[in-house]
8 protein chains.
Amino acid sequence: MSPEATSWQPPPELRAVADLDLDRTRRRGYPEAVYCEFKTPAQLRLIAAALRERQVRTLFTRAGADQAAAVLDELPEAGYDPEARLLWWPAESPEPSGGLVVIVAAGTSDLPVATEAQRTAEVLGRRTVLVTDVGVAGLHRILRHLDLLRSAAAIVVVAGMDGALPSVVAGLVAAPVVAVPTSVGYGAAFEGLAPLLTMLNSCAPGVAVVNIDNGYGGGHLAAQIAAAPAPD
Amino acid sequence: MSPEATSWQPPPELRAVADLDLDRTRRRGYPEAVYCEFKTPAQLRLIAAALRERQVRTLFTRAGADQAAAVLDELPEAGYDPEARLLWWPAESPEPSGGLVVIVAAGTSDLPVATEAQRTAEVLGRRTVLVTDVGVAGLHRILRHLDLLRSAAAIVVVAGMDGALPSVVAGLVAAPVVAVPTSVGYGAAFEGLAPLLTMLNSCAPGVAVVNIDNGYGGGHLAAQIAAAPAPD
Amino acid sequence: MSPEATSWQPPPELRAVADLDLDRTRRRGYPEAVYCEFKTPAQLRLIAAALRERQVRTLFTRAGADQAAAVLDELPEAGYDPEARLLWWPAESPEPSGGLVVIVAAGTSDLPVATEAQRTAEVLGRRTVLVTDVGVAGLHRILRHLDLLRSAAAIVVVAGMDGALPSVVAGLVAAPVVAVPTSVGYGAAFEGLAPLLTMLNSCAPGVAVVNIDNGYGGGHLAAQIAAAPAPD
Amino acid sequence: MSPEATSWQPPPELRAVADLDLDRTRRRGYPEAVYCEFKTPAQLRLIAAALRERQVRTLFTRAGADQAAAVLDELPEAGYDPEARLLWWPAESPEPSGGLVVIVAAGTSDLPVATEAQRTAEVLGRRTVLVTDVGVAGLHRILRHLDLLRSAAAIVVVAGMDGALPSVVAGLVAAPVVAVPTSVGYGAAFEGLAPLLTMLNSCAPGVAVVNIDNGYGGGHLAAQIAAAPAPD
Amino acid sequence: MSPEATSWQPPPELRAVADLDLDRTRRRGYPEAVYCEFKTPAQLRLIAAALRERQVRTLFTRAGADQAAAVLDELPEAGYDPEARLLWWPAESPEPSGGLVVIVAAGTSDLPVATEAQRTAEVLGRRTVLVTDVGVAGLHRILRHLDLLRSAAAIVVVAGMDGALPSVVAGLVAAPVVAVPTSVGYGAAFEGLAPLLTMLNSCAPGVAVVNIDNGYGGGHLAAQIAAAPAPD
Amino acid sequence: MSPEATSWQPPPELRAVADLDLDRTRRRGYPEAVYCEFKTPAQLRLIAAALRERQVRTLFTRAGADQAAAVLDELPEAGYDPEARLLWWPAESPEPSGGLVVIVAAGTSDLPVATEAQRTAEVLGRRTVLVTDVGVAGLHRILRHLDLLRSAAAIVVVAGMDGALPSVVAGLVAAPVVAVPTSVGYGAAFEGLAPLLTMLNSCAPGVAVVNIDNGYGGGHLAAQIAAAPAPD
Amino acid sequence: MSPEATSWQPPPELRAVADLDLDRTRRRGYPEAVYCEFKTPAQLRLIAAALRERQVRTLFTRAGADQAAAVLDELPEAGYDPEARLLWWPAESPEPSGGLVVIVAAGTSDLPVATEAQRTAEVLGRRTVLVTDVGVAGLHRILRHLDLLRSAAAIVVVAGMDGALPSVVAGLVAAPVVAVPTSVGYGAAFEGLAPLLTMLNSCAPGVAVVNIDNGYGGGHLAAQIAAAPAPD
Amino acid sequence: MSPEATSWQPPPELRAVADLDLDRTRRRGYPEAVYCEFKTPAQLRLIAAALRERQVRTLFTRAGADQAAAVLDELPEAGYDPEARLLWWPAESPEPSGGLVVIVAAGTSDLPVATEAQRTAEVLGRRTVLVTDVGVAGLHRILRHLDLLRSAAAIVVVAGMDGALPSVVAGLVAAPVVAVPTSVGYGAAFEGLAPLLTMLNSCAPGVAVVNIDNGYGGGHLAAQIAAAPAPD
């Protein structure tokens with residue numbers, strides 16, 4: 001545990017709502033992220049102000065319109081993608097390093113989650129390419145991108161419904177596949193449970209599963225995988 | 001309702017355990033089937049004797065060793081496949097009619113269920129071909145059989161784990177795909193729930209789902225679909 | 001895989017949102033379908049415009065009012081059934097071929113899903129008849145239609161609540177029964193889970209189950225099954 | 001609360017394992033029942049001895065072979081049905097009163113549970129008739145018994161798999177239907193969950209559902225309902 | 001099956017939406033019920049008009065404000081309880097017969113479902129008494145009503161949360177207890193699943209379970225059970 | 001049972017909606033609580049008036065804006081925390097007794113539930129301290145409060161998502177940990193099911209689990225545990 | 001964190017299988033417990049030998065016959081209760097302190113879990129009393145013990161099936177109730193899920209739930225709660 | 001797709017049971033694996049013989065005693081770990097490359113799965129270290145290994161019960177954490193469902209989840225993550 005992590009004294013009104021993990025970048029090498037869902041605009045304003053004061057690179061995930069407005073009040077120069085419900089500050093991503101992250105969206109309806117993954121990987125310092133609407137119902141569509149897929153250091157596959165695409169992709173490449181199930185689908189998809197189970201049961205090894213609709217988590221994991229190995 | 005279906009008077013000891021649907025072939029065009037699980041050998045002997053007396057073509061499904069022995073006591077000339085836990089009487093299948101039924105087993109471990117489907121379709125009067133171990137983790141294996149798949153009037157795809165194969169196959173062919181989930185897999189397959197959900201959520205239309213490990217049901221449905229040859 | 005499928009170059013703004021499977025009719029023999037749920041009106045306009053340009057027969061499923069309006073902006077002459085949330089283009093169905101598809105709705109509340117199935121089967125080239133409100137609580141209602149049911153090459157049975165009707169129908173006919181569970185019912189129907197399980201566990205063989213409320217999938221599968229007329 | 005219920009002082013070794021509800025017959029009008037599952041033979045011997053000493057009419061449910069032997073050690077003259085895993089003491093049922101209880105088993109495999117229900121209703125003082133193997137896959141089988149069904153004051157319907165029979169029966173009669181789901185079926189029956197949900201969601205009112213494989217509970221409830229004869 | 005049930009020819013626009021079970025009263029002895037959820041006001045107007053024309057006593061269940069208004073347009077003299085979302089026509093219940101039905105609501109929040117049960121039992125011809133807010137957290141509240149409970153021919157117990165009240169009541173009386181779980185409760189009640197399971201697992205025999213929030217079903221079943229007065 | 005508990009005669013209009021457990025404080029030592037969800041404002045006004053008349057210390061839980069307004073109409077001097085949806089009357093808590101209750105919120109989004117727990121414990125007579133945003137992703141945050149945690153007689157840990165914090169806290173202290181899962185999280189949290197299961201499976205003994213989002217229940221249990229000061 | 005906790009150097013063969021938390025008694029005030037399920041006899045022998053060498057008071061939970069024999073090889077003087085699958089060493093419990101712990105078993109079948117709870121509380125230094133077979137189906141049985149229940153500082157209620165007893169007990173007393181669901185019951189108990197949910201949804205506050213069949217956890221939590229005597 | 005992958009012609013008896021993916025190493029860079037569960041010894045002998053003939057590096061997972069014996073018949077020089085139910089051929093792992101893989105077992109009972117992960121990573125060419133019994137109930141145990149954890153390129157955390165350890169570890173390091181839930185635990189762990197959900201809901205980003213008890217999958221994914229980046 002790092003004692004210096006606690007040297008800054010946050011104002012009491014902030015301590016009543018959050019205990020910012022300012023040590024996280026030092027400890028983990030990746031920026032802080034603020035999960036906005038269930039937080040009030042007032043709470044987000046307090047948090048955003050403190051992060052600006054401390055100059056901490058930060059993502060704000062799952063931000064609805066009101067929540068995004070509150071963050072932008074304090075950090076007007078932040079990047080913002082409403083479809084992905086994501087903000088990031090500062091708006092400029094760091095100089096890319098590590099390997100390529102390819103994000104694959106099985107269907108158009110999976111784009112919001114795929115975009116959240118792509119933005120996250122970029123803010124964490126990776127180059128990215130996004131491929132859209134290449135579900136297994138028309139297999140030639142994903143096979144067309146085989147060279148791109150094989151050039152990636154990590155692949156994020158975002159899929160709802162049957163969630164079958166990660167198994168197919170993982171069977172074709174050497175890189176790990178990060179599988180993100182989405183809540184897209186008919187009733188028996190049970191809000192993402194069906195593709196989640198499909199991905200956990202992939203018959204191809206090398207599939208890393210994250211939470212339903214968690215584009216942020218998928219992009220973060222892919223960015224970690226595609227980092228250069230730790231120096232000796 | 002057919003009054004003549006009730007003209008035969010079964011012996012009382014049989015009526016105490018079963019009310020054979022001898023009318024089924026006339027009404028539905030397909031043979032009777034006796035589900036052996038949970039039935040005692042004594043009950044099966046009574047049933048088998050009555051079917052022989054009435055000369056009714058019959059399948060016996062889910063027959064364990066003791067149950068199969070009881071059936072064979074009464075119908076020694078019946079066909080029997082222990083791996084598929086299936087018996088059929090008489091042993092000779094009818095002259096094939098209709099279109100081709102192709103059965104596809106995703107993995108070697110799915111073979112017992114796939115074989116049950118194949119035998120059932122044959123007893124119901126269809127020509128069949130079985131293709132084994134062509135899961136989506138090595139996509140070239142199923143693509144190698146594309147011509148065969150496209151010549152089928154109905155395709156049965158048997159798969160456990162991620163259950164992704166029916167979606168891939170259905171996306172390649174005009175014929176209906178009958179998907180049979182199996183209980184093969186690691187813990188989060190939940191005894192077949194995972195592939196069942198995958199198949200119900202297929203992103204390719206044309207997938208007909210039946211019960212977990214129900215090779216009999218899959219073969220039966222395929223035989224019905226293929227009753228007429230596939231249109232050109 | 002067909003190389004010609006990729007000869008047309010879609011505009012970049014379309015490629016950012018969709019990779020249309022224009023090859024599907026050639027490969028599968030059935031028209032393309034666009035799943036509208038979760039898609040924005042802007043995305044749908046791009047897709048509809050491209051389909052019109054390429055003259056591809058298409059269904060648009062699960063279209064809410066705004067989504068339907070976007071499609072009709074680009075394809076004003078498309079057919080549209082708001083209750084079924086379905087559009088189809090061109091509005092004229094092809095000349096019917098194959099066998100008859102009978103659609104059975106267990107209750108009045110199941111009509112939107114049943115209508116979606118009926119429309120789909122017609123757009124795919126089948127003759128259809130729809131029978132309404134014939135649930136098993138009053139058995140004489142379905143028995144009244146026995147001749148019609150026995151004339152079908154495929155029967156779609158749409159039911160919520162106990163989902164018992166497909167078992168009853170399948171026990172009366174030779175043709176395959178496509179069972180579509182709906183989310184109609186009280187709490188322990190669990191949004192369609194109860195009738196889904198009932199249908200998967202049908203004690204009568206010959207029941208093909210599709211996803212909850214998936215009238216499109218049910219109609220598509222029935223149209224495939226009925227592609228050849230029912231055998232005599 | 002009845003103070004006299006506590007006047008008898010059970011021996012300490014009995015009090016360590018059970019607090020017999022000797023007051024139950026007075027309070028509820030029905031005999032005590034001892035649930036044998038999970039109880040040791042030694043515990044059952046203590047209980048049986050006390051019941052004999054107090055001359056309390058009793059059922060012993062879910063008794064495996066060892067457990068039944070322990071009960072018979074103390075109550076050798078008890079009735080015993082190994083298939084139903086049920087014992088009752090004394091072996092003679094009381095003089096029948098009230099209305100008729102008809103027990104219906106959808107399939108032969110449901111017979112152990114149906115028999116448990118029948119025996120229970122008899123021990124509680126009802127006349128019973130058992131009808132076997134009349135599932136909805138062959139509807140004429142249940143319709144053949146319509147007069148019998150309509151003469152009942154209560155009907156117990158025991159079914160696994162799709163559990164559809166109670167809905168069909170309830171739609172034909174005035175008497176309440178007690179539905180007992182069984183664990184008979186393929187994988188997606190989930191050990192009786194599927195028929196349980198079907199029965200809870202019956203589209204015909206008048207279906208009373210009890211626990212999976214709980215023939216005792218079904219017979220008990222039917223005996224209570226039929227305590228008075230069916231109204232004309 | 002009764003041929004006369006089909007002698008009336010409904011207008012075509014009605015046949016397109018419903019197949020009224022006008023035979024039900026003759027066959028089952030209880031009035032028809034129209035489940036309004038998912039039905040449009042236009043459909044309900046057609047149905048209500050036909051029922052008035054045929055003079056069929058009818059309940060309308062799960063009627064929202066718009067749906068109730070549509071029914072009242074055609075049947076302005078119908079009875080209506082908005083809290084219970086129930087209408088009945090004619091407004092006057094038949095002369096009471098049979099035994100007493102006692103309805104017990106565990107908490108104030110369960111009142112809408114309990115009232116639906118009470119109204120239903122009255123329309124079906126039973127005398128009723130409603131007892132409110134007597135959950136097991138304060139046991140003296142239910143014990144205070146012991147004489148009333150023991151005078152009932154059938155008891156409906158409506159409860160959410162832990163659903164424990166039916167077990168307690170059933171242990172005190174001879175009459176059957178109809179248990180209606182409600183969706184009242186915190187998160188782990190899972191919209192009524194928790195009390196549903198509690199009731200199915202009642203350690204006291206004599207508990208008949210119906211669907212979650214199904215006050216109509218509970219009242220109907222109780223009315224059937226109480227058709228004959230409770231035996232002395 | 002206390003006969004005097006029934007001596008007060010509530011007005012009939014109140015008896016129609018509630019049977020207040022005025023005996024509860026005497027019997028259990030803790031104030032009455034009124035669960036407001038699903039209750040109408042009119043019902044709450046009746047209840048609040050009666051409680052004021054009888055001078056019964058009371059909590060009102062799960063009160064939405066309209067429900068809170070109804071309570072405040074009758075008890076304008078009540079305490080009210082809109083975030084926690086809690087009211088209490090009288091507004092002044094009793095003089096603190098017993099040991100310290102520490103409430104720990106894993107994240108800012110868990111604050112409404114944590115505040116409900118804190119308020120409840122105070123109204124029940126305990127001293128409390130609230131610690132916020134100390135989830136296990138940054139372990140130093142909770143370790144910083146080790147002395148405070150070890151001074152508590154009971155600790156309430158409120159957490160959504162992985163629900164891992166109670167296990168970590170319980171492993172560090174002698175006092176019981178009351179774990180309150182929240183519905184905060186991504187899709188596979190399944191509205192609080194995931195943290196609920198985590199807490200039930202804590203590898204550290206001493207974790208007492210209550211219902212999802214049930215801050216009232218957590219605070220109540222902690223107040224009971226801390227009724228006596230922690231032993232030295 | 002206590003550095004001295006690591007001063008003892010375990011032998012390498014022990015480190016390969018376990019990292020004993022010898023610091024636990026100092027940190028938490030309660031003895032170490034070794035969970036035996038899934039451990040091999042060889043592993044348990046290594047662990048038992050180390051604990052004897054370090055003289056650490058220890059419980060061994062979920063020990064089957066082979067596992068118990070392995071522990072007794074190394075710690076022949078340990079206490080052992082085969083029914084509860086529990087061992088404890090040394091065999092003598094510490095001098096009792098704190099308040100009384102009452103353990104209540106709803107049925108005889110719940111005794112193994114109840115005994116595990118009782119033994120655990122005794123090894124942790126509490127006085128205990130065990131009450132057996134007092135389920136809510138015969139309410140007078142639990143009411144008979146009201147004075148004993150009200151003298152307890154903590155009450156452990158062990159119940160399967162409907163799991164209703166903790167709600168009833170909690171409504172009668174001031175002390176916290178620790179509810180332990182068991183896997184005793186018919187099919188819809190789903191191996192303890194039903195009573196678990198019942199207990200989590202208790203309508204009486206003050207119920208602390210632990211894992212299914214976890215008598216050890218229930219006894220441990222109760223011992224912690226009762227560490228200080230109940231307040232007057 | 002690689003045409004040369006199909007140049008070898010397997011013997012017909014092998015083709016009847018398996019279609020070996022001999023192309024996998026070329027396509028994915030990792031050895032073939034044969035899932036032994038559900039395969040017969042005869043099938044495994046055929047497969048093993050073919051792999052030896054083709055000299056393909058292979059893992060055999062989930063091999064019970066009979067299955068392992070069959071493999072060793074054909075490949076007597078293979079490596080074999082009975083606890084992990086794993087075989088690998090040839091026995092010598094390749095020269096290690098890439099970064100370090102640290103495997104962490106939360107408890108002793110998790111060792112079989114952890115060992116399977118460790119062996120797999122070694123056969124795939126990584127250096128490994130295994131740390132045992134460091135669950136979060138005694139947090140100092142995992143913190144003691146912080147330097148080791150931070151030196152890893154990938155960390156596999158194997159845990160049952162609450163599954164909380166991956167969240168804690170991921171919050172401390174930069175490398176991705178591969179989380180493997182196990183079926184170790186009490187009833188409400190539901191055979192691994194509880195830790196699976198915990199891991200999917202980790203509040204620390206960077207957790208990659210695989211299937212329950214899937215040590216092979218966890219080791220494989222970690223080996224991929226810890227490989228050196230693909231050459232340009």
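Trainee: Is F:Asp73 buried or exposed?
Mentor: F:Asp73 is exposed, with a relative accessible area of 51%. Keep in mind that we are looking at a predicted model.

Trainee: Okay! And which side chain does F:Asp73 meet in a salt bridge?
Mentor: That would be F:Arg45, with 2.8 Å from N to O. The two link distant parts of the chain: F:Asp73 belongs to helix H4 (residues 65–74) of chain F and F:Arg45 to helix H3 (residues 41–54) of chain F, 28 residues apart.

Trainee: How exposed is F:Arg45, then?
Mentor: F:Arg45 is partly exposed, at a relative accessible area of 31%.

Trainee: Why can side chains pair up like that?
Mentor: In general, side chains that carry opposite charges can pair when their charged atoms come close.

Trainee: What about chain A, what does A:Arg45 form a salt bridge with?
Mentor: A:Arg45 forms one with A:Asp73, and their closest N and O atoms are 2.8 Å apart. A:Arg45 sits in helix H3 (residues 41–54) of chain A and A:Asp73 in helix H4 (residues 65–74) of chain A, so this pair ties together parts that lie 28 residues apart in sequence. As for accessibility, A:Arg45 is partly exposed at 29%, while A:Asp73 is exposed at 51%.

Trainee: Is F:Asp19 buried or exposed?
Mentor: F:Asp19 counts as buried, at 5% relative accessibility.

Trainee: New topic! How many salt bridges are there between chain B and chain C?
Mentor: The count there is zero. What the rule does find across that interface is 15 residue pairs in polar contact.

Trainee: How much area do chain B and chain C bury between them?
Mentor: About 2700 Å², with 59% of it on carbon and sulfur atoms. B:Arg28, B:Leu200 and B:Pro205 supply 23% of the area that chain B buries against chain C, more than any other three residues. The contact takes 34 residues from chain B and 33 residues from chain C.

Trainee: Which parts of chain B each supply at least two residues to the side that touches chain C?
Mentor: Helix H2 (24–28), helix H9 (193–200), strand E9 (207–209) and helix H10 (215–225) of chain B. H10(B) gives the most to that side, with five residues.

Trainee: In what sense do E7 and E8 of chain A pair?
Mentor: Strand E7 (residues 154–159) of chain A and E8(A) pair in the parallel sense, over five bridges. A:Ala159 has A:Pro181 as its bridge partner in E8(A). Together with helix H8 (residues 165–170) of chain A, these two strands make a right-handed β-α-β unit.

Trainee: And how many bridges join E8 to E9 in chain A?
Mentor: Three bridges join E8(A) to strand E9 (residues 207–209) of chain A, and the two run parallel. A:Val177 stands opposite A:Val207 in E9(A). From E8(A) the chain crosses through helix H9 (residues 193–200) of chain A to E9(A), and that β-α-β crossover is right-handed.

How values were computed:
Residues are numbered from 1 along each chain as its sequence is written. Chains are lettered from A and ligands numbered from 1 in the order in which they are written. This is a predicted model: local features need pLDDT of at least 70, side-chain atom pairs count only at pLDDT 80 or more; totals for chains, interfaces and linings use all residues. Side-chain values use heavy atoms; hydrogens and water are left out. Two strands pair if DSSP finds at least two bridges between them. Helices (H or I, at least four residues) and strands (E, at least two) are DSSP runs, numbered from the N terminus. A crossover is right-handed if, with the strands pointing away from the viewer, the path from the first strand over the helix to the second runs clockwise. A salt bridge is a side-chain nitrogen of Lys or Arg within 4 Å of a carboxyl oxygen of Asp or Glu. Buried means under 20% relative accessible area, exposed over 50%, partly exposed in between (1.4 Å probe, protein chains only). Contact means heavy atoms within 4.5 Å. Buried area is the accessible area (1.4 Å probe) that two parts lose on being put together, summed over both. A polar contact is a pair of N or O atoms within 3.5 Å; within protein, one must be able to donate a hydrogen and the other to accept it, and residues adjacent in sequence count only if both atoms are side-chain atoms.
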